[in-house]
Amino acid sequence: MSADHATPVSTAGLEASRAPATAGAVPAGRRPGGRRLLTILLGLIVPALILLAWHLSTASGFFRPSQLPSPASVLAAAVDLVERGQLATHILISTQRVVLGFLIGSVLGVLAGALLGLSRIADVLLTPTVGALRAVPSLAWVPLLVLWIGINEDSKVTLISIGAFFPVFTTLYLGLRHVDRNLVEAARAFGLNGVRLLTTVQLPAVVPALFSGLRLALAQSWLFLVAAELIASSMGLGFLLTDSQQTGRVDRIILAIILLAVIGKTTDALLGIAERWAVRRWA
Amino acid sequence: MTAVLAPGSTQPSTKQALGVHFAGLGRSFGSSTDRRTVLRDVTVEVRPGEILAILGTSGCGKSTLLRAAAGLDVPDSGEVLIDGTPVTGIDERCAVAFQEPRLLPWHTLQANVAIGLPKSSSASAGKAKVLELLKLVGLDTFAKHRPREVSGGMAQRTSLARALARNPGVLLLDEPFGALDALTRIKMQDLLLDIHRAQPTTVLLVTHDVDEALQLADRILVLGRGEGDEAGSTVSELVTVPGSRPRDRNSADLGTLRSSLLSLLGVTGH
């Protein structure tokens, strides 16, 4: 290839001098570490105040311990359960159910969302049915699941999968239906079709939507976990809740609620990091 | 000189500029009860290597004509022949640049231009060609930028480079400079002429800007109602622009032609 052919033709000057302004504005600045730490600390103020108010209201005798036990006694209940070796079991089995159900439900949601979002025929044939199934309050499946699958891990994971399925399915389906037609047409004009069109244009375009669907699905998974464990189980945080209700252990109930809040928030935060990465990469 | 865009291509030689023949093209839209004819009986012979501007009022079917040549739209009657063979489906011999850049936001400019490469190109040759095209449009230092990090004019130049990556026999431009500011538009017009001089491909340029057509085109096709009361646009005028490029924007010949073109488009008194 000869060098003289590559000579740029005119025009570069003006644009090049204008570009730094536009380019500089865009790369979203990584926040300095101190700023980030400050944000986290500020976010902890309200929980700390709640803890303080909780402590004061119980220490002052405003609530009886049978109504609201003190923070210290909830901590003691946690230590007690750890020593009996039960707390880890409850947490691990619950997390395992959520992770399994979430994974199964999201994979199926992605497959169904892609099928109905991309295929006109599948859309016409199946969307009314899927819409009707989505309209069934998911707990209504419980009696059927118990009869068909029994009271075991499978029925719990299945219920959680149902909960995780619909948010992923819905966001992906709608996302694919709303991929910028202009982009798809341009790609088609350059000879892209079928799988190449899908992987080059349609899937990347829905990545941000998919991640918000996944976060919703994860929240739903925890919701359905507790529902499943409340109904029938011998382990897990939901079981800890019902069991403690029957034995009158308010301290353990509050412990279970706090654990659900912390673990749920942690898993959501992990997915949030993945989402931010995906949005930076694909949006 | 025609070799400018050939290096890096796996094709044995640069594709020749190809002639385009619109043969009795007709197209209407809508349901059978509410049919709206947009184009009827459009017959034009576009010579290989010429720049043909397509002028017309908004909604007259300029873009539909272009889309038929690209294979993005199927006419109801008639056909488009490129180099003597009819267009069926997306045509490899054409490349399109749209009014909007239509770049993939998650790709770099370089990766966006690479979308235009013909399927047959090898990875290394393709990459070399993309970099060369980015250089041609003056964006080689922005190869790794994302579309949202560059200006509208730069995005539009990327879109042009993507079209050129196809090594097209026919370059279809659908109001490519319409959304740009006046200064950038003039620079883009010059760029287009430079590229055309370097590789004289056939160019079909849809525009609503009479002056742009006068500056760039060898001939101007005006779409309009024609004589009679039939619905839909057809060829209402096909004029050869006098003089060779670059043309003096203020010449008397062009002034007369401008007035007559404007009055064809329904604008009088200019």
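This is a short tour of a predicted model, stop by stop, with something to select at each one.

**Before you start.** Residues count from 1 along each chain as its sequence is written, while chains are lettered from A and ligands numbered from 1 in the order written. In this predicted model local features need pLDDT of at least 70, side-chain atom pairs count only at pLDDT 80 or more, and totals for chains, interfaces and linings use all residues, with side-chain values taken from heavy atoms, leaving out hydrogens and water.

**Stop 1: colour by confidence.** pLDDT is the predictor's confidence in each residue, from 0 to 100. Chain B has a mean pLDDT of 87, with 93% of its residues at 70 or more. Now select residues 1-14 of chain B: here the pLDDT is below 50, and the stretch has 37 contacts (heavy atoms within 4.5 Å) in the model beyond near neighbours in sequence. Where pLDDT is low, predicted coordinates should not be read in detail. The model as a whole scores ipTM 0.83 and pTM 0.74.

**Stop 2: a sheet in chain B.** Helices (H or I, at least four residues) and strands (E, at least two) are DSSP runs, numbered from the N terminus; two strands pair if DSSP finds at least two bridges between them. Show the open sheet of four strands in chain B, ordered S2-S1-S4-S5 with antiparallel pairing. Its edges are S2 (36-46) and S5 (85-86), each pairing on one side only. Next, pick S4 (residues 77-82), which two bridges join to S5 of chain B; B:Leu81 has B:Pro86 as its bridge partner there.

**Stop 3: across to chain A.** Which residue of chain A does B:Arg67 meet in a salt bridge? Select A:Glu185: the closest N and O atoms of the pair are 2.1 Å apart. A salt bridge here means a side-chain nitrogen of Lys or Arg within 4 Å of a carboxyl oxygen of Asp or Glu. B:Arg67 lies in helix H1 of chain B and A:Glu185 in helix H8 (residues 181-189) of chain A, so the pair joins two chains. Over all chains, the structure holds 21 salt bridges.

**Stop 4: two backbone spots in chain B.** Most residues other than glycine have a negative phi, and most peptide bonds are trans. Zoom in on B:Arg245 and B:Pro246, joined by a cis peptide bond with omega about -5°. B:Pro246 sits in the loop between strand S10 (234-240) and helix H7 (252-264). Then move to B:Asn167, not a glycine, yet with a positive phi of about 55°. Its loop lies between helix H4 (152-165) and strand S7 (170-174) of chain B.
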